[in-house]
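Open the model in your viewer and keep the sequence panel beside it. Each stop below tells you what to select and what you will find there.

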Amino acid sequence: MKIAVVGSGPVAFEVGLSFHLEGADVRVIGRQSPCSKLEMMANNFGHYSLNPESYISSKGREFVGLEEDPQNFQDLWSNYYVPLIQKMVQAGLFHQRDVLRVQKRFLDTDEHIDSHTRLYDLFRLTYGLNPSGLVEEQIKENPELKEKLGPEMLNSLKNQVESFEDFDLIFDCRGPCQRAIPMGAGNHFALNERSVAELGGVLYGDKGIKELEEVKKQKILTIVGSSIQSALQFLSLKEWLEEEGNILNIISTENSMFQKVLKNELTNESIKSELKNLIHTHLEVWRQACLKTEEAVHEWRQLAPHEKVKISEPQFPEPKLRLFEGYSVTSVDRLIDREGLYLTLEIPEWRDSQKREMVTVSQERVIAAVGYLPDYEFSLGLHPEEPGYFNFSKDIDAWTPKPSLELIPLVKSEVFKYFTKA
């Protein structure tokens with residue numbers, strides 16, 4: 001049986017390995033570099049502890065010859081996933097391609113075949129190719145080829161072309177993080193968000209972490225959302241927030257910031273602990289500064305009138321960390337005569353009857369980390385219960401690969417109803 005494992009994350013590699021060891025003809029196909037999110041965790045949060053059983057399968061442990069379980073993300077990446085990726089790439093199992101869609105070769109969504117199941121018709125996996133990259137390599141080796149092709153031909157090669165491959169089975173392991181959610185209500189765009197974002201200044205999902213060094217060049221940042229991506233973005237800015245003059249706004253519709261992340265049993269405990277400590281530390285530092293200012297104001301008010309005119313009244317400090325809890329982003333704007341972005345925030349009475357004012361927040365960069373949704377368009381042409389199509393990413397709140405890995409034995413029992421082992 002020929003299987004396409006769609007995705008490039010840890011679930012895709014584990015699922016691909018498991019069926020490869022069963023003798024199946026497996027292709028792991030994804031647009032991202034292998035396990036890029038775990039590499040990001042290793043690079044930015046490598047010291048965070050973890051439960052190895054949530055990430056490592058018994059077959060994977062044996063395949064890479066893992067002798068000692070990793071205890072943090074850096075060890076997990078270096079000692080497990082790097083050798084796993086290397087061995088699977090060397091075996092020709094991973095193919096980095098821009099996967100576009102999956103459909104049947106001929107069957108319509110509700111069409112049936114007499115005396116056969118829908119498995120009788122193969123799955124067609126379509127992916128995009130960039131021919132200009134291949135031609136550029138050829139031109140480097142053979143410069144006169146550029147003149148032979150001409151500018152018109154070279155320009156035509158800049159457009160993506162489509163190719164395909166047919167498979168018996170499709171394992172959808174793209175993960176829950178497929179389409180970044182915009183900033184507006186109902187998982188949709190706020191007023192003007194789409195057009196303003198196209199001009200730059202707005203990063204979606206985990207791009208703020210991937211482009212962290214560029215993000216840190218700003219002095220005023222805003223994170224919208226209190227998802228796990230938002231939490232990680234916040235933690236990645238821990239040192240930046242300590243620097244003089246830097247300000248971070250976090251906006252969430254939750255009345256208590258990060259409550260869903262903190263209550264989720266699947267969230268890493270190290271992240272929960274550091275998240276709570278970081279918020280508490282900044283709020284406490286600001287509270288203490290306000291208490292000192294309050295004492296200074298009291299002393300200033302006790303001065304004689306001729307002394308007051310010599311000294312300005314002490315001003316209360318602005319917090320470096322500013323939490324906007326219960327607010328929705330209703331508009332995103334740029335002003336012609338001013339730099340930066342402007343977010344309009346509103347809060348409904350059912351979230352907080354005491355806060356009814358509209359708030360405008362200005363910043364140099366916005367990171368929209370509201371969360372992710374599945375990209376249903378990928379498999380739009382398939383039957384809702386398509387035999388042979390297995391989705392390993394149904395739990396959108398899963399923090400670790402564990403819930404998906406637990407599906408492997410169930411999928412195997414189903415697959416071997418139709419196919420025999422090699």
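**Stop 1**

Select strand E5 (residues 123–129) together with E6: the two pair in the antiparallel sense over seven bridges. Keep in mind that this is a predicted model.

Now widen the selection. Three strands make an open sheet here, in the order E4-E5-E6, and the pairing is antiparallel. Strand E4 (98–104) and E6 are at the edges with a single partner strand each, so one side of each has no neighbour in the sheet.

**Stop 2**

Which residue forms a salt bridge with Glu 165? Select Arg 27: the closest N and O atoms of the pair are 3.5 Å apart. Glu 165 sits in strand E6 (residues 161–167) and Arg 27 in strand E2 (residues 25–30), so the pair ties together parts that are 138 residues apart in sequence. Side chains of opposite charge can pair when their charged atoms come close. The count for the model comes to 23 salt bridges.

**Stop 3: two helices against H4**

Select helix H2 (residues 36–45) and helix H4 (residues 73–90). They pack at an angle of about 135°, and their axes are 7 Å apart. Oblique is the term for H2 relative to H4, because the angle is about 135° and the roughly antiparallel class takes angles over 145 degrees. H2 passes H4 in a left-handed crossing. Show the contact residues. From H2, take Leu 38, Glu 39, Met 41, Ala 42 and Phe 45; from H4, take Phe 73, Gln 74, Leu 76, Trp 77 and Tyr 81. Colour the residues of this contact by type: eight are nonpolar, one is polar and one is charged.

H1 and H4 pack at about 55°, with axes 11 Å apart. That angle makes H1 oblique to H4. Their crossing is left-handed. On the H1 side, select Pro 10, Phe 13, Glu 14, Gly 16 and Leu 17; on the H4 side, Tyr 80, Tyr 81, Leu 84, Ile 85 and Met 88. The residues of this contact divide into eight nonpolar, one polar and one charged. Tyr 81 of H4 is worth a label, as it is listed in the contact with H2 and in the contact with H1.

**Stop 4: H10 on H13**

Move on to helix H10 (residues 228–236) and helix H13 (residues 269–301). Their axes come within 10 Å and cross at roughly 60°. That makes H10 oblique to H13. The crossing is left-handed. Show Ile 228, Ala 231, Leu 232, Phe 234 and Leu 235 in H10; they meet Ile 271, Glu 274, Leu 275, Leu 278 and Ile 279 in H13. How many residues of this contact are nonpolar, polar and charged? Nine are nonpolar, none is polar and one is charged.

**Stop 5: the sheet E13-E14-E15**

Finish with another open sheet. Its three strands run in the order E13-E14-E15, with antiparallel pairing. Strand E13 (328–333) and strand E15 (359–363) are the edge strands, each pairing on one side only. From one strand to the next, the twist averages 25°. Select strand E14 (residues 341–346) with E15 to see antiparallel pairing over five bridges. Then pick Thr 344: its bridge partner in E15 is Thr 360.

Key:
Residues are numbered from 1 along each chain as its sequence is written. This is a predicted model: local features need pLDDT of at least 70, side-chain atom pairs count only at pLDDT 80 or more; totals for chains, interfaces and linings use all residues. Side-chain values use heavy atoms; hydrogens and water are left out. Two strands pair if DSSP finds at least two bridges between them. Helices (H or I, at least four residues) and strands (E, at least two) are DSSP runs, numbered from the N terminus. Axes are lines fitted to C-alpha atoms, for helices over the stretch in contact, and angles run from 0 to 180 degrees between N-to-C directions. Angles under 35 degrees count as roughly parallel, over 145 as roughly antiparallel, 65 to 115 as roughly perpendicular and the rest as oblique. A crossing is left-handed if the near helix is turned anticlockwise from the far one by less than a right angle, and right-handed if clockwise. Contact means heavy atoms within 4.5 Å. Ala, Val, Leu, Ile, Met, Phe, Trp, Tyr, Cys and Pro count as nonpolar, Asp, Glu, Lys and Arg as charged, and the others, Gly among them, as polar. A salt bridge is a side-chain nitrogen of Lys or Arg within 4 Å of a carboxyl oxygen of Asp or Glu.
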